Amino acid sequence: MIDIRSLGKTYRVTRRPPGLWPAIRSLWHREWTEVAAVRELSFSIAAGERVGFLGPNGAGKTTTLKMLSGLLHPTSGEVRVAGFEPARREVAFLKTVTLVMGQKQQLLWDLPASETFALNGALFDVPRQLFKRTLDELTELLQLGQVLEKPVRSLSLGERMKCELVAALLHRPRVLFLDEPTIGLDVTMQSAVRDFIRRYNEQTGATVLLTSHYMEDVAALCPRVIVVDGGTLRFDGALSELVRRVRPHKRVSLTFSRPVDPGDLQRFGRVITQDGTRVTLEVPHQELPQVVSAAMMQLPVSDLDVTEPPLEDVLRELFAGRSTEAA
Amino acid sequence: MSLLTMLQRRVRVIGALLRAGFANALVYRAEFLVWMLTTNLPLVNLALWSAVARDGSVQGTEGSWSQRQFAAYFLSALLVRVLTSCGTVWELTYEIKQGTLALRLLRPVHPLLAYATEALSPLPIRMTFALPIVAALLLGVGWEHLSHDPLSWLLVPVAIAGVWLMVFLVMCLVGALGFWFDSAAGVWEGWFAFYTVLSGYAVPLDLFPAWLRSATAYLPFRLMLALPVEAMTGRIDHLQLLHGIAQQVAWCTALLLLARATFASGLRRYATFGA
């Protein structure tokens, strides 16, 4: 569905030191510099996949999404989305994809969201019956109810984002590019939006490429992640594999019925924290069964919990360059 | 897709854009009224030129101008401005600068068509504001200072539509310069300074020196205001008006091609340097 080969995007930007003289000098002499936002990026995404697109700020995520949706022309390489070349912005292509940008809105600000929906229905040439059916489905899935008749300016951020999703999906796109769709939302609303995206994907078989700084979004939605940093690919594979590569340890939290000498814990794994009768150990993945079994037998364990390290920590470590290699 | 289906789709799209634009204009009716009041320059000029003509008629190249004739001219000019002014240049440059133009580009409709319908959709509200001007023309000035040529009156709406289209296309052309530099709206201000003088907005072109008046025949400004005004006030006949409309068509064609090419080139730059 999405196929990228050696994709590159270089911006040419002006540079000017601060101060009055450089400002005056820039009137007749401009210094240009080239910034490579995306370099030699290649990946493929099959129809129906939900893929997380991760990277720190300035990694090239949004630039890539804009190239995929036809807003930016690549400097080099090839892009195909659903068989189309996005940069040509053919009508059939625009009807096939959607781009939701959490920080930009397409809803008409002073009118009820239903006005934007009606407009999009006409612009995307959605037959009346299908429009009504899709709108009913989407509003039910997102539990929008009376919200549709209120002016957009009077909606909460969460309600607005739900309406943005409806506006973006009314034409039933087969490819969804979601750029920070949960930004600024509270935990409950984030969860609602995540549930909706998953159900939409399952019901329609649409392909989803999602960027988010909220790792819960990625963990809950995306079995596969693509990680970029500095415009280049750092990892492409299963989320669990990313975690295993970057942090080849699991965390074992133990609660004891009586205090345990710290010296006795070293042989089970690296002690991360110890607070009275509670301790957290870091244990290599492959040693986990033996360690848990031994701890249960040799220590006064009253409670035990095994967790993956937080995804934020994994990515921080990945971007710090301490671990892993490009897949 | 058959031609009929394509036409039906286009009509449906334009209808939807006009409906949304009109609903938006209704929300902004108060701001719209204030904005309309800023097009009051003809009233200022009316007061000015009425004072000049208080002690007798002012002699123009092709006739004299009494106070009532000035009133007929400037009220007609106000009517044309109320019906034809638009804000596309500011909207376009703002959206380019803020990056919100990207959202338009994701829709399967040409952005210039969307801007056109948004500029046209407040027309019913504009007409409401135009009614008192028409009343002032008929009751305050009197029919004797307006054209008595029925053919001219039939052609005046066409000429006003031509004025609107020329204003809109120039705004698109200047607004598209926003793809290259931030101060494109400033270019419009420069253009408007020339427009104010050379379109007959500030001074009837008949009062210009002969050399300057003849120069306006080769420029677009007269066709962007004075043409329908001169027809409404009976200073040109229907044949001269028809000739002016033909000139409007030629200018509109050239401006449309230029605006489209500039916009397309700007979009390529937008897509190259960052959307």
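How many helices and how many strands are there in chain A? Chain A has 12 helices and 13 strands, where helices (H or I, at least four residues) and strands (E, at least two) are DSSP runs numbered from the N terminus. The model is a predicted one, in which local features need pLDDT of at least 70 and side-chain atom pairs count only at pLDDT 80 or more, while totals for chains, interfaces and linings use all residues. Residues are numbered from 1 along each chain as its sequence is written, and chains are lettered from A in the order in which they are written.

Taken along the principal axes, the C-alpha atoms of chain A fill a box of roughly 70 × 55 × 40 Å. The domain assignment, which is automatic or from a database, divides chain A into domain 1 (2-243) and domain 2 (248-307), and the C-alpha centres of these two domains lie 43 Å apart. Of the 327 residues in chain A, 39% are buried; a residue counts as buried if 20 or more other C-beta atoms, placed from the backbone, lie within 10 Å of its own.

Chain A also meets chain B, in a contact that takes 25 residues from chain A and 21 residues from chain B, two residues being in contact if their C-beta atoms, placed from the backbone, lie within 7 Å. On the side of chain A that touches chain B, β1 (2-15), α3 (91-96) and α4 (113-123) each supply at least two residues, and α4(A) gives the most, with five.

In chain B, D206(B) is found in the loop between α10 (184-198) and α11 (210-216). D206(B) is buried because 20 other C-beta atoms lie within 10 Å. Although D206(B) and G60(B) are 146 residues apart in sequence, their C-alpha atoms are 5.2 Å apart in space. Leaving aside residues up to four places away in sequence, D206(B) touches G60(B), T61(B), E62(B), G63(B) and R235(B).

Note on methods
Buried ≥ 20, exposed ≤ 12 C-beta atoms within 10 Å, placed from the backbone.
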